[in-house]
Amino acid sequence: MATPTREDLVQRVFRILRDEILTVDAGFTPRSNLVKAGLDSLAVTQLMLSIEEQTGVWVDESLLTPEHLATAESLGALVHAQLTAS
Amino acid sequence: MRPPRIPLTGADCFLRAFDAEIARWNGASHVSQLVLRLGPGFDVAIFRKLMDAVARAQPMLRARVARAWGIGAPVYQIGSAESRPAPRFAVHDVEQAPREGDVLAAVFQRRLNEKRSLRRGEMLRIDAVRYAAGAAGTDLALSWMHPLFDGAGSERFVSWLDECHRGVRRPDELPDPGELGPSAAPLRTLRERGDAARRWQRWLAGFGAHPVHSPGGARRRVPQALSADLLTLDPARTERAVANAGRRSGFLTPMLFYLAVAIRAHHAVYRARGADPGSYLVPLPVNLRPRGTEGAIFRTHVSLIWFQVLPERADDFDALVADLKGQRLAAIKARHIENGVDAMHFSRLLPSRWYARMARRYQRGELCSFFFAYTGEFAPDLERFCGAEVRNAFHVAPVPPSPGSCLAFSQRGGRLNATHVHQAGVFSESERALMRDTLRADLLDEG
């Protein structure tokens, strides 16, 4: 199976957050502020479990920094980096 | 138009069961407190007028809670609420200002141990203790029955009250609660949800392999006599504690650091006594309000993650935190947060005693080792309340005489508060001092 691209992972993270985890309006984009959208620790763990289910890669929560959690785009970039490193 | 009845949530019913237990065995109620420590400038007359307007606009503040026609799930009887008395507000004048670390004025302590009736709609009482006629500040306590709010809801309530005071909202205009469903996965079938509830029950049953011996002991018939100790860290020490939490448990899950601190504080007492705790079994409340909405004020919107730790694990702080992290991840992965919602939702139809019976059945008469809560920053948007600066604010969470101990952590204005509520006779003076010292040492990494 081909490794997903960075953009592909950003879109996956974005869709999981938008459709399954957060309550967001139509203006929500991959660059929207996640903390303002209500992202909390439980949401992050649920997101990581979904990512693991889809890609087989577990992103250790202790690696996460506030910068990673800023937007779906920054989170997707981290997942991509983890995936290519594994 | 108002609905004539509003159903209790599953979590409301879970907590209502504690109230029934305390009423039956300990002659009191399950009353939570929110305490605002205010500076000068709190205007009693304005607050009274505000509460009158809010009580008229929000009938849940005085609605009776009962099963409609004696059957079915319990409901708030909104239709008859207008004839019920509004929440009582009393002012008490005291000359001496409280010292740092004093937590409960005598009247607040009395409220914590009062007998209230949900069936009579005795949901909320408010007391203001004015120091030097208010010139040295005022302590305000909201003493509420659990189906009315949960901890987060009570913080939203005082923030909303202040918004009404400032004219930002009207008393009949509540924040957007979001879509509150019975389950975090509402599209599942009834059968799937039944299976989920059974998985939750089996999960609880599994903890019975290591039964707990709580500080208060198994269920007993004693008058409830709760009091509280408050540990407040100054901003510099709070910064150290927060940094320590980030280092030990990661910035995403500070609650696990505080849970480890709470376990170790109890562990120190057991070691000093030479007593066996069996295991440490502690429920962690999880907020279920829809993310990205302002969130509901009224009713309880939580599920629980249960943690169980063997005593030897509590000796090593980092191993303890790692264990708690693993248990949290496993519980989320197994969907026990959602399973708990389903179990509590189904059980609304059963008698209150069913809940407590289920919890105790697996633990030989015990509910858990102690209660715990970490609620983060206390009402961060609330800088002033009805004209007065909010100097400090914290929760005084209730605990039945068994397990007899509750530790709750929160932050306010850069200061960390740890409130230890305990039943009379459960801890000696020296044990309370030992807990305080252990807490401080672990929070500040001074061990």
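Predicted model: local features only at pLDDT ≥ 70, side-chain atom pairs only at ≥ 80, totals over all residues.
Q: Why is S154(B) called buried?
A: Buried means under 20% relative accessible area, and S154(B) comes in at 0%, so the label applies. S154(B) sits in helix 4 (residues 151–166) of chain B. Leaving out neighbours within four places in sequence, its contacts are L34(B), W144(B), F149(B) and H395(B).

Q: What makes A133(B) exposed rather than buried?
A: The cut-off for exposed is over 50%. A133(B) has 60% relative accessibility, so it counts as exposed. You'll find A133(B) in the loop between strand 6 (124–131) and strand 7 (138–145) of chain B. Its backbone is worth a look too: phi is positive, about 55°, although A133(B) is not a glycine.

Q: How do you know whether A379(B) is buried or exposed?
A: A379(B) has 4% relative accessibility, so it counts as buried. This alanine also has a positive phi, near 35°, in a residue other than glycine. Its place is the loop between strand 11 (371–377) and strand 12 (384–385) of chain B.

Q: Why does R273(B) get the label "partly exposed"?
A: That label covers what falls between under 20% and over 50%. R273(B) has 33% relative accessibility, so partly exposed it is. The residue belongs to helix 7 of chain B.

Q: Which residues does R273(B) touch, once those up to four places away in sequence are set aside?
A: They are P215(B), V426(B), F427(B) and E431(B). Take E431(B): it is 158 residues from R273(B) in sequence, yet the two C-alpha atoms are 9.0 Å apart in space.

Q: What makes N392(B) a buried residue?
A: Its relative accessibility is 2%, and buried means under 20%, so N392(B) qualifies. N392(B) is part of strand 13 of chain B. Beyond its neighbours within four places in sequence, N392(B) contacts V35(B), L36(B), R37(B), T232(B), R412(B), R415(B) and N417(B). R37(B) is 355 residues away in sequence but 5.0 Å away in space, C-alpha to C-alpha.

Q: Why is strand 9 (residues 280–287) of chain B described as largely enclosed by the rest of the structure?
A: Because six of its eight residues are buried. Strand 9 of chain B also pairs with strand 10 (residues 302–309) of chain B, in the antiparallel sense, over eight bridges. One bridge in that pairing has P283(B) and W306(B) as partners.

Q: How do you know that strand 2 (residues 31–38) and strand 7 of chain B pair?
A: Pairing takes at least two bridges. These two strands have eight, in the antiparallel sense, so they pass.

Q: What makes strand 5 (88–94) and strand 12 of chain B the edge strands?
A: The open sheet has six strands in the order 5-6-7-2-13-12 (chain B), with mixed pairing. Strands 5 and 12 of chain B each pair on one side only.

Q: Which residues have the most contacts inside the largest nonpolar core?
A: L36(B), F47(B), L140(B), F157(B) and F385(B), in a core of 134 residues. Helix 7 (residues 254–273) of chain B gives the most to this core, with twelve residues. A second, separate core has 26 residues, including L9(A), I16(A), F28(A) and A43(A).

Q: How do the residues lining the second largest pocket divide into nonpolar, polar and charged?
A: There are 13 nonpolar, two polar and four charged. The pocket holds about 440 Å³ of space. Of its 19 lining residues, the closest to the centre are I6(B), Q58(B), M60(B), L174(B) and F298(B).

Q: Where is there a cis peptide bond?
A: Between S402(B) and P403(B), where omega is about 20°. P403(B) lies in the loop between strand 13 (388–396) and strand 14 (405–412) of chain B.

Key:
Residues numbered from 1 in each chain as written. Chains lettered and ligands numbered in written order. Heavy atoms only, no water. Core = buried A, V, L, I, M, F, W, Y, C linked by side-chain atoms within 4.5 Å. Buried < 20%, exposed > 50% of the residue type's maximum accessible area, 1.4 Å probe, protein only. Helix = DSSP H or I, 4+ residues; strand = E, 2+ residues; numbered from the N terminus. 1 Å grid on protein atoms, 1.4 Å probe; cavity = no way out; pocket = protein on both sides within 12 Å on 5 of 7 lines; lining within 4 Å. Points joined across faces, edges and corners; volume = space filled by probe spheres on them. Nonpolar A, V, L, I, M, F, W, Y, C, P; charged D, E, K, R; others polar. Contact = heavy atoms within 4.5 Å.
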